[in-house]
Amino acid sequence: MRKRWMALAAVLAAVLAFSGGAGQAQTPAPAQPIPVPAGWAIDWHDEFEGTALDRGKWVPEPGGQDNGNNEKQFYTERPENLRVAGGMLVLEAHREAYGGKEFTSARIKTAGLQERTYGRYEARIKIPRSQGIWPAFWMLGADIRTVGWPRCGEIDIMENIGKEPGIVHGTLHGPGYSGEHAFGAPSKLGSGAYADDFHVYAVEWEPRQIRWYRDGILYHTATPDKVKGEWVFEHPFYVILNLAVGGYWPGYPDQTTVLPQRMLVDWVRVYKRSN
């Protein structure tokens, strides 16, 4: 009997040696270091690994609110509309009656969890396509509940409307320059559509200046002397990711619109000045 157990132990040792050992087999591969732009240091980030939204960083925002835009979606927390899978955040819009609306989708925010004044904010995103589809990566002043919009300030890092497949917009909203009178600029692709691939959208927000980038290309700058109203961007803001359907600006889904549509977010990274 003793010899039999010794033989079994020898076989087990050989198997463990071949597989790298029990401890090594359970050890995950080390995470890749996050690239840091010169002059910046990582502040907070989400790489959307795992199988669930990190509730320490993001708050889902369900409901049928349209913020005065006449949007047609109802935002939900259902996995059909909001999930983390394959190393991506997935915001997915469907054509379905829900909550008195004609479509469903998802929206998340960092309000109350991750709020900052200044920094570099960037995300790697593959946007959806089709008429009436409106993906956005943006920020709102954390004081919106006390001062209202647009006095709280709004920084739109990236917006796209489906009827403009080769254009994204970077925009600033504040008192005297909001809505259709906002201070913004487009970033046009040389060819193709933004929905064809992932792109990196970013702003660098510093005292009295905000700069917009697409794939490292600077295309828009805002300063107090350029806006036609009060500058309200020297206080904490929070981040929002959402996929809207319909609205006065993008227009509405029609017979050419293909659903479901997905907004895929590979990562969101926020940096602070290191010097």
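Strand S9, residues 119-126, is mostly covered, with six of its eight residues buried. Here, buried means under 20% relative accessible area, exposed means over 50%, and partly exposed lies in between (1.4 Å probe, protein chains only). This is a predicted model, in which local features need pLDDT of at least 70, side-chain atom pairs count only at pLDDT 80 or more, and totals for chains, interfaces and linings use all residues. Residues are numbered from 1 along each chain as its sequence is written, and side-chain values use heavy atoms, with hydrogens and water left out.

**Overall composition**

- The protein chain contains three helices and 18 strands; helices (H or I, at least four residues) and strands (E, at least two) are DSSP runs numbered from the N terminus.
- Of the 275 residues in the protein chain, 50% count as buried.
- Among contacts in the protein chain with a separation of 6 or more, 70% are between residues 24 or more positions apart; contact means heavy atoms within 4.5 Å.

**Strand S9 and its partners**

- S9 pairs with strand S14 (residues 199-206) in the antiparallel sense over seven bridges; two strands pair if DSSP finds at least two bridges between them.
- Arginine 120 has glutamate 204 as its bridge partner in S14.
- S9 is also joined to strand S18 (residues 261-273) by seven bridges, and these strands run antiparallel.
- Opposite isoleucine 125 in this pairing stands valine 265 of S18.

**Salt bridges**

- Side chains of opposite charge can pair when their charged atoms come close.
- The structure holds 18 salt bridges, each being a side-chain nitrogen of Lys or Arg within 4 Å of a carboxyl oxygen of Asp or Glu.
- One of them joins arginine 269 to glutamate 47, with the closest N and O atoms 2.8 Å apart.
- Because arginine 269 lies in strand S18 and glutamate 47 in the loop between strand S1 (40-46) and strand S2 (59-60), this pair ties together parts that are 222 residues apart in sequence.
- Both arginine 269 and glutamate 47 are buried.
- Glutamate 61 forms a salt bridge with arginine 107, and their closest N and O atoms are 2.8 Å apart.
- Glutamate 61 is in the loop between S2 and strand S3 (73-75), while arginine 107 is in strand S7 (residues 107-109), so the pair connects parts 46 residues apart in sequence.
- Glutamate 61 counts as buried at 18% relative accessibility, and arginine 107 is buried with a relative accessible area of 5%.
- Glutamate 204, the bridge partner of arginine 120, forms a salt bridge with arginine 211; glutamate 204 and arginine 211 are both buried.
- A network of salt bridges links Arg120, Glu122, Glu204, Glu206, Arg211 and Arg273.

**Aromatic rings**

- The whole structure has 10 aromatic pairs; rings of Phe, Tyr and Trp (its six-membered ring) pair if their centres lie within 6.5 Å, and planes under 30 degrees apart count as stacked, over 60 as edge-to-face and the rest as tilted.
- Tryptophan 44 and tryptophan 58 form an edge-to-face pair, at 5.9 Å centre to centre and with 70 degrees between the planes.
- Tryptophan 44 belongs to strand S1 and tryptophan 58 to the loop between S1 and S2, 14 residues apart; both are buried.
- Tryptophan 134 and tryptophan 249 are an edge-to-face pair because their ring centres are 5.8 Å apart and their planes stand at 85 degrees.
- Tryptophan 134 is in strand S10 (residues 133-141) and tryptophan 249 in the loop between strand S17 (237-245) and S18, so the pair ties together parts that are 115 residues apart in sequence.
- Tryptophan 134 counts as buried at 8% relative accessibility, whereas tryptophan 249 is partly exposed at 34%.
- Tyr118, Tyr121, Trp205, Trp231, Phe233 and Phe237 form one aromatic cluster.

**Charges over rings**

- Arginine 120 lies over the face of tyrosine 213, at 5.5 Å from the ring centre; a charge sits over a ring if NZ of Lys or CZ of Arg is within 6 Å of the ring centre and within 35 degrees of the ring normal.
- The charged end of arginine 273 sits over the ring of tryptophan 40, 4.0 Å from its centre.

**Nonpolar cores**

- In the largest nonpolar core, of 49 residues, Leu89, Ile125, Ile155, Leu172, Phe233 and Leu241 touch the most other members; a nonpolar core is a set of buried Ala, Val, Leu, Ile, Met, Phe, Trp, Tyr and Cys residues joined through side-chain atoms within 4.5 Å.
- S17 supplies the largest share of this core, five residues.
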